[in-house]
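Me: I am new to this structure and would like to know what stands behind the terms used for it. Please set each value against its cut-off and then conclude.

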Amino acid sequence: MRTWLHSVLVGALMLGAGQGSGQNLVPNGSFEEYTICPTALDQMERAVGWSSRRGSCDYYNVCGHPDTCGVPFNWFGFQGARSGTGYAGGYCFSTDDGTPLDLRECMGVELTSALIVGQTYHIRLHTSLTTQGSGTNGALAFACDHLGALFTVGSYYSTQFDDLPGYAQVFTTSVVTDSTGWTEVAGTFVADSAYAFLTLGNFFNDAATAWDSIEPTGTHGYAYYYFDDVCVALDPSDCTWPSSITLVPTIEPVVFPLPFVGDLFVAGLPDGQWTFLLFDTNGKFTGTGSNISSNQLVRCSLPALRPGTYLIEAHGPERQRWRKVIQAGEP
């Protein structure tokens, strides 16, 4: 489970000073609570309190299907939750929109109470870039800045064809390129209205957004980010989250030979149909092994690989999953 933190500069609306303490005003700020376990993309509404406000954001949880909406493996990449078991994600930039629009996906929530005019609030959220997962069929090419938080009196909703606000109370002023850990976005501002709603995303158009090409061979001209651990409070010490959940295998199969050349064998799996997914150590999806019925010993046919270290994940009966680091020999 990877939970390193890095800080970035933020642009914040600084309007004065205030004092006070209280609780985190963001309900389900770590995306742990859900009405129904996610089963596919575009199910942001299954995270209690949250919904898509522009585009169709995605909800991820360890109980979700690993090919699409699981944690740490999912459609868009490989990332453990910063805390607990869940997080959310959405597109924040694109260079190949194809029409005069800015591809943005934003997720929002109603605060537990409206902000008090004149009070200073602390905002903390965490984001992580992802470039390739089990379903992207090629790498996402870009990273961007201006990721942040927009506060509004009423719910913020827009379509992909609507103009973006062009402002946010807190946002990054440098491109977020870390796809290994979680980047903290933090700032303070003094409420000038009784804001009751919070929305996350990039609220600036392409002309105002800085971006980097981080995957020169990427086949998709997008930037996609995960979001986790969101807090709005009068006192930053009120921003606490549950511990991360480490997935512990219920079985401990034996993988051999190591290093291997060609096929890999797995012993100790329960009987049933198994699918094997392969990732490199950066979490990039590498290939899929054959679906083979287990009979104590499973032969896993994998694609040709360069020598190196890989992660193999097995999916089978009772949705058991496990990962082992394996050393690949000459393909």
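**Salt bridges, disulfides and cores**

Reply: By the rule applied here, the count comes to three salt bridges. The model is a predicted one.

Me: What makes D229 and R82 a salt bridge?

Reply: A salt bridge needs a side-chain nitrogen of Lys or Arg within 4 Å of a carboxyl oxygen of Asp or Glu. The closest N and O atoms of D229 and R82 are 2.6 Å apart, so the pair meets the definition.

Me: Why is this pair said to tie together separate parts of the chain?

Reply: D229 lies in strand β14 (residues 222-233) and R82 in the loop between β4 and β5, so the bridge ties together parts that are 147 residues apart in sequence.

Me: Are D229 and R82 buried or exposed, and how do you know?

Reply: Buried means under 20% relative accessible area. D229 has 0% and is therefore buried. R82 has 16%, so R82 is buried too.

Me: What makes R104 and D206 a salt bridge, and where do they sit?

Reply: Their side chains meet at 2.8 Å, N to O, and the cut-off is 4 Å, so the pair qualifies. R104 is in the loop between β5 and β6 (106-110), and D206 is in the loop between β12 (197-202) and β13 (211-213), 102 residues apart.

Me: Why do R104 and D206 get separate labels for accessibility?

Reply: R104, at 0% relative accessibility, counts as buried. D206 has 22%, so D206 counts as partly exposed; that label covers values between the 20% limit for buried and the 50% limit for exposed.

Me: What makes R124 and E184 a salt bridge?

Reply: The closest N and O atoms of R124 and E184 are 2.9 Å apart, and the limit is 4 Å, so the pair counts. E184 is buried because its relative accessible area is 17%.

Me: How do you know that C37 and C63 form a disulfide?

Reply: The two sulfur atoms are 2.0 Å apart, and a disulfide is a pair of cysteine sulfur atoms within 2.5 Å, so C37 and C63 are joined. C37 is in the loop between β2 (10-12) and β3 (50-54), while C63 is in the loop between β4 (58-61) and β5 (86-94), 26 residues apart.

Me: Why is this disulfide called right-handed?

Reply: The torsion about the S-S bond of C37 and C63 is about 125 degrees, so the link is right-handed.

Me: Why is C37 called buried but C63 partly exposed?

Reply: C37 has 18% relative accessibility and therefore counts as buried. C63 has 26%, so C63 counts as partly exposed. The limit for buried is under 20%.

Me: Which other cysteines are joined, and what is the handedness of their link?

Reply: A disulfide joins C231 to C239, with S to S at 2.0 Å. At -75 degrees about the S-S bond, this link is left-handed. Both C231 and C239 are buried. The structure holds two disulfides, and with the bonded cysteines numbered in sequence order the pairing is 1-2, 3-4.

Me: Why is C57 not counted as bonded?

Reply: The nearest cysteine sulfur to that of C57 belongs to C106 and is 6.6 Å away. C57 is buried because its relative accessibility is 0%, and C106 is buried because its relative accessible area is 0%.

Me: Which residues touch the most other members of the largest nonpolar core?

Reply: L115, F151, L198 and Y225 do, in a core of 41 residues. Elements that give two or more residues to this core include β5, β7, β11 and β14. The largest share, five residues, comes from β14.

Me: What does F151 touch?

Reply: Among the residues touched by F151 are L111, L115, I123, F189 and V232, leaving out those up to four places away in sequence.

Me: How many helices and strands does the chain have?

Reply: The protein chain has zero helices and 22 strands. Of its 331 residues, 55% count as buried.

How values were computed: Residues are numbered from 1 along each chain as its sequence is written. This is a predicted model: local features need pLDDT of at least 70, side-chain atom pairs count only at pLDDT 80 or more; totals for chains, interfaces and linings use all residues. Side-chain values use heavy atoms; hydrogens and water are left out. Helices (H or I, at least four residues) and strands (E, at least two) are DSSP runs, numbered from the N terminus. Buried means under 20% relative accessible area, exposed over 50%, partly exposed in between (1.4 Å probe, protein chains only). A nonpolar core is a set of buried Ala, Val, Leu, Ile, Met, Phe, Trp, Tyr and Cys residues joined through side-chain atoms within 4.5 Å. Contact means heavy atoms within 4.5 Å.
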